[in-house]
Amino acid sequence: MIFDTHAHYDDEAFEEDREELLAQMESAGIGGIVNVGASVRGIRASQELAERYPFVWAAVGAHPDEVGSLDEETLQWMYGLCQKPKTVAVGEIGLDYYWDKESHELQKQWLIRQLEMAKETGLPVNIHSREAAQDTFDIMKEHHAGTTGGIIHCFSSSAQMALEYVKLGYYIGIGGVVTFKNARVMKEVAAAVPLDRIVVETDCPYLAPAPNRGKRNSSIYLPLVIEEIARIRGVSAQEVEEATWENAHRVYKKLQ
Ligand code: NI
């Protein structure tokens, strides 16, 4: 079975056929999905999906683009949701200097506070980092390393940086990008990171793997990602599927 460690089924791209699509997951070999919160609305919707579907779990967190809407009251509400049995992670949290919607200081401040929330509630984290590789790494190292672990989602930095995160105890999330012809660095990452530290993810509705690039993504396309990782590493797809399933259960401890 395949485990999708990072999805956004609350997205409006699934408005028309969410139920039909999720009903197909089991027969498509998708055994588990973590629906990741990004905004206050997304956090709430992730909880609803986790309550409704036995194979869906939730992550609670505010994306760096959304931290401007956070306050103490919202943070307390999030702490409460972290205690729910089906909340398995804090995320997605991080830094995004590409969209740069909020000041770097505000992004860093809320990343650190949400890392503290993860530590205090015993949950691993799901980290988003875009064009902010060094700042993200420095904060992770100083404020979180050696605590509750987690996944560096949609990893997009160098293979060397991936191995630095592995040393700190993190897992590397690989998705559709690894299948793109020009994704040289991502293919290097898939080759360099030990197989017991790789998890697969969609980030759907975004980042559909080739040959569906540009289309709406869903967990049903994950075999394409697994096959590409297997090809790069010279192992069977079955081996990658089993390893990434086990890894997902090791990092998201509440699944066990
Ligand atoms: Ni995401």
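Tutor: Let's begin with Glu92, which you'll find in strand β4 (strands are DSSP runs of E of at least two residues, helices are runs of H or I of at least four, and both are numbered from the N terminus). Before going on, note that this is a predicted model, where local features need pLDDT of at least 70, side-chain atom pairs count only at pLDDT 80 or more, and totals for chains, interfaces and linings use all residues. Residues are numbered from 1 along each chain as its sequence is written, and side-chain values use heavy atoms, with hydrogens and water left out.

The peptide bond that joins Gly91 and Glu92 is cis, and its omega is about 5 degrees. Pro211 belongs to the loop between β8 and α8.

Is Asp203 buried or exposed? Asp203 counts as buried because its relative accessibility is 10% (buried is under 20% relative accessible area, exposed over 50%, partly exposed in between, using a 1.4 Å probe and protein chains only).

Glu131 isn't a glycine either, yet its phi is positive at about 50 degrees. Look for Glu131 in the loop between β5 and α5, the helix of residues 133–143. Glu131 counts as exposed, though, because its relative accessibility is 59%.

Ser219 is buried because its relative accessible area is 0%. What is packed around Ser219? Setting aside neighbours within four places in sequence, Ser219 is in contact with Asp4, Tyr9, Met25, Ile30, Ile33 and Thr202 (contact means heavy atoms within 4.5 Å).

Follow the chain onward and you reach helix α8, residues 222–233. α8 has 12 residues and spans 17 Å from its first C-alpha to its last, close to the 16 Å expected at 1.5 Å a residue (1.5 Å times one less than the number of residues). Within α8, the buried residues are Leu222, Val225, Ile226, Glu228, Ile229 and Ala230. So what covers them? The cover includes the strands β1 (2–7), β7 (170–174) and β8 (198–200), along with the helices α7 (184–192) and α9 (237–251). Just past α8, Gly234 takes a positive phi of about 70 degrees.

Ser158 sits in the loop between β6 (150–152) and α6 (159–167). Apart from neighbours within four places in sequence, Ser158 is in contact with Val185 and Val189. Ser158 counts as partly exposed because its relative accessibility is 31%. Its side chain reaches the backbone nitrogen of Met161 at 3.1 Å. For a sense of scale, Ser158 and Thr179 are 21 residues apart in sequence, with 16 Å between their C-alpha atoms.

Last stop: Ala58, in strand β3, which runs over residues 56–60. Ala58 is buried because its relative accessible area is 0%. Which residues does Ala58 touch? Not counting residues up to four places away in sequence, the list is Val34, Asn35, Ser46, Gln47, Ala50, Lys86, Thr87, Val88 and Ala89. Ala58 is 29 Å from Ala159, C-alpha to C-alpha, with 101 residues separating them in sequence.

Note on methods: Polar contact = N/O pair within 3.5 Å; in protein donor to acceptor, adjacent residues only side chain to side chain.
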